[in-house]
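Open the model in your viewer and keep the selection tool ready. We will go stop by stop.

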Amino acid sequence: MITQPATRSVDSDLVSASLTEPEAFAELFDRYSAMLYRYVSKRLGPEPAEDLVGETFLVAFSRRKSYDLAYPDARPWLFGILTKLISRHRRTEAARYRAFQRAPVDAEVESPADRVAAGVTAQASRPELARALAALPAKDRDVLLLIAWGDLSYEEVARALDIPVGTVRSRLNRGRRKVRAALGDTNPMLEEA
């Protein structure tokens, strides 16, 4: 009778186990590949996303011996690897934001009413937001997008980018300030019609 290994709940346990049982690393892929794919798709589009996610896990697998097992959550580590891979695609990312600036605003919206209002506002702001993101320095953009789209905490972003938490805070503040200024110092999601 073949027994299945028990599901390990802590990422660091999976990394550790993968040193003697390489197939244990597959569980990390199952946990995080969709999350990483969504993040890179938003930044670079769906075309390179699958390749970059695959490359992220190849790099992570080859570097698993150097993973600090004191950190139970591997998400920041994986996002850090992915962000470094994305940096090779900066021109593609900047071109994507320029294309968003030129793209017409979609007239099609969905229900319910709150979603419609949010969607219309987001669509109308898309060119300005894309322009603001493209204008940000890459380091500020990385921090802003890891928090906004990667859903990482300040501490996780610091680990992912190997920078102090204070640097994360200052880059995020600077990035938010510049994006807000590009949008006319308003939050379009809070404006009344």
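This tour of a predicted model visits a helix pair, some salt bridges and a single helix.

**Stop 1: H1 and H2.** Select residues 11-18, helix H1, and residues 26-44, helix H2. Their axes come within 9 Å and cross at roughly 145°. Now show side chains. Asp 11, Leu 14 and Val 15 in H1 meet Glu 27, Leu 28, Arg 31 and Tyr 32 in H2. This contact has 4 nonpolar, no polar and 3 charged residues.

**Stop 2: Arg 75.** Select Arg 75 and Glu 156. They form a salt bridge, with the closest N and O atoms 2.7 Å apart. Glu 156 sits in helix H8 (residues 154-161) and Arg 75 in helix H4 (residues 75-87), so the pair ties together parts 81 residues apart in sequence. Both residues are buried; Arg 75 has 14% relative accessibility.

**Stop 3: Arg 174 and Asp 140.** Select this pair next. Their side chains meet in a salt bridge of 2.8 Å, N to O. Arg 174 is in helix H9 and Asp 140 in helix H7 (residues 138-148), 34 residues apart. Arg 174, at 29%, is partly exposed. The whole structure has 6 salt bridges.

**Stop 4: H9.** Select residues 165-182. The 18 residues of H9 reach 26 Å from first C-alpha to last. Color Val 168, Arg 171, Leu 172, Gly 175 and Val 179, which are buried. They cover an arc of only 100° around the axis, so they lie on the same side of H9. Finish at Gly 184, which follows H9 and has a positive phi, near 80°.

Methods
Residues numbered from 1 in each chain as written. Predicted model: local features only at pLDDT ≥ 70, side-chain atom pairs only at ≥ 80, totals over all residues. Heavy atoms only, no water. Helix = DSSP H or I, 4+ residues; strand = E, 2+ residues; numbered from the N terminus. Expected span 1.5 Å × (residues − 1). Buried < 20%, exposed > 50% of the residue type's maximum accessible area, 1.4 Å probe, protein only. Arc of directions from axis to C-beta. Axes fitted to C-alpha atoms, helices over the stretch in contact; angles between N-to-C directions. Contact = heavy atoms within 4.5 Å. Nonpolar A, V, L, I, M, F, W, Y, C, P; charged D, E, K, R; others polar. Salt bridge = Lys/Arg side-chain N within 4 Å of Asp/Glu carboxyl O.
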